[in-house]
Amino acid sequence: MNTQKETVKVKICDIQHMPILPCKDIFSRFNNEAEHLEHLTFNKAMYIYGDSIPVEVDDRLKFELEIIKKNDVARYFMLVHDIVNTAEKELGALVGPGCGSIAGSLVEYCLGRTKIDPLKYNLMYVLSVQHQRCVHIFSLN
């Protein structure tokens with residue numbers, strides 16, 4: 001029985017831990033990914049909405065960024081941001097408009113991950129986190 005011979009070769013690993021995500025060089029002026037994400041988000045918001053960001057936009061971005069920070073998923077957001085930027089700008093690939101919970105994210109809209117302005121369409125922000133893995137669920141179309 002070949003199956004029985006092969007099963008003894010299987011190495012069992014414990015994968016019950018937080019995901020291991022690559023680190024990004026965030027330069028010396030940021031202490032962590034959350035600060036870098038906030039910086040990128042507000043810079044893009046100023047580009048979209050003007051130097052005087054409307055109070056509604058400012059409040060919503062602070063709200064979303066606080067949730068992202070509390071759930072410790074800023075590194076994941078930055079990773080997906082880099083993937084999307086590389087796909088679009090360096091490879092010329094088309095990346096979908098975004099679906100699911102990211103369509104309601106003003107942070108994602110400001111970063112260019114979705115083309116849907118959640119404030120324009122009165123969309124609610126919901127962070128879909130799989131608590132077993134503690135990662136935000138992104139769908140790259």
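Me: How big is the second largest pocket, by volume?
Reply: In this predicted model, the second largest pocket has a volume of about 180 Å³.

Me: And which residues line the second largest pocket?
Reply: The lining is made up of Asn32, Ala34, Glu35, Leu37 and Glu38, together with Lys62, Leu65, Glu66, Ile68, Lys69 and Ala74.

Me: Which helix gives the most to that lining?
Reply: That is α3, with 5 residues, although α2 (33–49) and α3 (55–70) each supply at least two residues of the lining.

Me: What is the split into nonpolar, polar and charged for the pocket lining?
Reply: The lining residues divide into 5 nonpolar, 1 polar and 5 charged.

Me: OK, on to the helices. At what angle do α2 and α3 cross?
Reply: Their axes cross at roughly 160° and come within 11 Å, and α2 and α3 are therefore roughly antiparallel to each other.

Me: Left-handed or right-handed?
Reply: The crossing in which α2 passes α3 is right-handed.

Me: Which residues meet there, α2 against α3?
Reply: From α2 there are Ala34, Leu37, Glu38, Thr41, Phe42, Ala45 and Tyr49, and these meet Val57, Asp58, Leu61, Lys62, Leu65, Ile68 and Lys69 in α3. By class, this contact of α2 with α3 has 9 nonpolar, 1 polar and 4 charged residues.

Me: Now α4. How do the axes of α2 and α4 cross?
Reply: The axes of α2 and helix α4 (residues 74–90) come within 8 Å and cross at roughly 50°, which makes α2 oblique to α4.

Me: And the handedness of α2 and α4, left or right?
Reply: The crossing of α2 and α4 is left-handed.

Me: Which residues make that contact?
Reply: On the α2 side they are Glu33, Ala34, His36, Leu37 and Leu40, which meet Ala74, Arg75, Phe77, Met78 and His81 in α4. The residues of this contact of α2 with α4 divide into 6 nonpolar, 2 polar and 2 charged.

Methods: Residues numbered from 1 in each chain as written. Predicted model: local features only at pLDDT ≥ 70, side-chain atom pairs only at ≥ 80, totals over all residues. Heavy atoms only, no water. 1 Å grid on protein atoms, 1.4 Å probe; cavity = no way out; pocket = protein on both sides within 12 Å on 5 of 7 lines; lining within 4 Å. Points joined across faces, edges and corners; volume = space filled by probe spheres on them. Helix = DSSP H or I, 4+ residues; strand = E, 2+ residues; numbered from the N terminus. Nonpolar A, V, L, I, M, F, W, Y, C, P; charged D, E, K, R; others polar. Axes fitted to C-alpha atoms, helices over the stretch in contact; angles between N-to-C directions. Parallel < 35°, antiparallel > 145°, perpendicular 65-115°, else oblique. Left-handed = near helix turned anticlockwise from the far one by under 90°. Contact = heavy atoms within 4.5 Å.
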